[in-house]
Amino acid sequence: MAEDLKIIKGENKEEQYQSLFPQIEALIKGEPDLIANLGNITAALKEQFGWLWVGFYLVKEDELVLGPFQGPVACTRIRRGKGVCGTAWAQAKTLIVDDVDAFPGHIACSSISRSEIVLPVIRDGNVVAVLDVDSEEPAYFDQTDELYLGKIIGLINP
């Protein structure tokens, strides 16, 4: 696939995801390198939605280690159960946080972040990574984001 995306703008997130999903699918199809695919996924999401930060943390032993991302510099390592990412990893479930300042133990990698969604990437019953997305807007993320981001991470072959 050509390395350019057809970006649609508008208020309807679902339409944006529906347009972007097949493009991401085509972009990573046939590419066996995990890091290359994660890099292209983060770039496509950032370009489409303009979020503050979007990226992956990879499970390495007892920590999440920063992987491909788009946005300001980030925390490099996160312990299991710490912050939103570490909690999503420990619980093996998606977390949507409307106000990051109200989340117990939130790790403030950027003081600009107001809301966050973290989805675990689960393979063979184990969390192997998490997708972390931050917005400057409070209460930005919802079930539409959870649904489509979940479909996107379903494309990943770690």
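**Helix packing and a pocket**

Guide: Helix α1 packs on helix α4 (residues 143-153) at an angle of about 5°, with the axes 10 Å apart. This is a predicted model, where local features need pLDDT of at least 70, side-chain atom pairs count only at pLDDT 80 or more, and totals for chains, interfaces and linings use all residues. Residues are numbered from 1 along each chain, and side-chain values use heavy atoms, without hydrogens and water.

Visitor: What describes two packed helices?

Guide: The angle between their axes and the distance between the axes. Axes are lines fitted to C-alpha atoms, for helices over the stretch in contact, and angles run from 0 to 180 degrees between N-to-C directions. Helices are DSSP runs (H or I, at least four residues), numbered from the N terminus; strands are E runs of at least two. Angles under 35 degrees count as roughly parallel, over 145 as roughly antiparallel, 65 to 115 as roughly perpendicular and the rest as oblique. So α1 and α4 are roughly parallel.

Visitor: Which residues of α1 and α4 meet?

Guide: Contact means heavy atoms within 4.5 Å. K13, E14, Y17, Q18, F21 and I24 in α1 meet T144, D145, Y148, L149, K151 and I152 in α4.

Visitor: At what angle do α1 and α2 cross?

Guide: Roughly 155°, and their axes come within 10 Å. That makes α1 roughly antiparallel to α2. Among the α1 residues that meet α2 are L20, L27 and I28.

Visitor: How much space lies in the largest pocket?

Guide: A pocket is an open set of points on a 1 Å grid over the protein atoms alone, where a 1.4 Å probe fits, with protein on both sides within 12 Å along at least five of seven lines; lining residues have an atom within 4 Å of a point. Here the largest pocket holds about 260 Å³. Its lining has 15 residues, and F49, G50, W51, E137 and Y140 are closest to the centre.

Conventions: Grid points are joined across faces, edges and corners, and a volume is the space filled by probe spheres set on the points.
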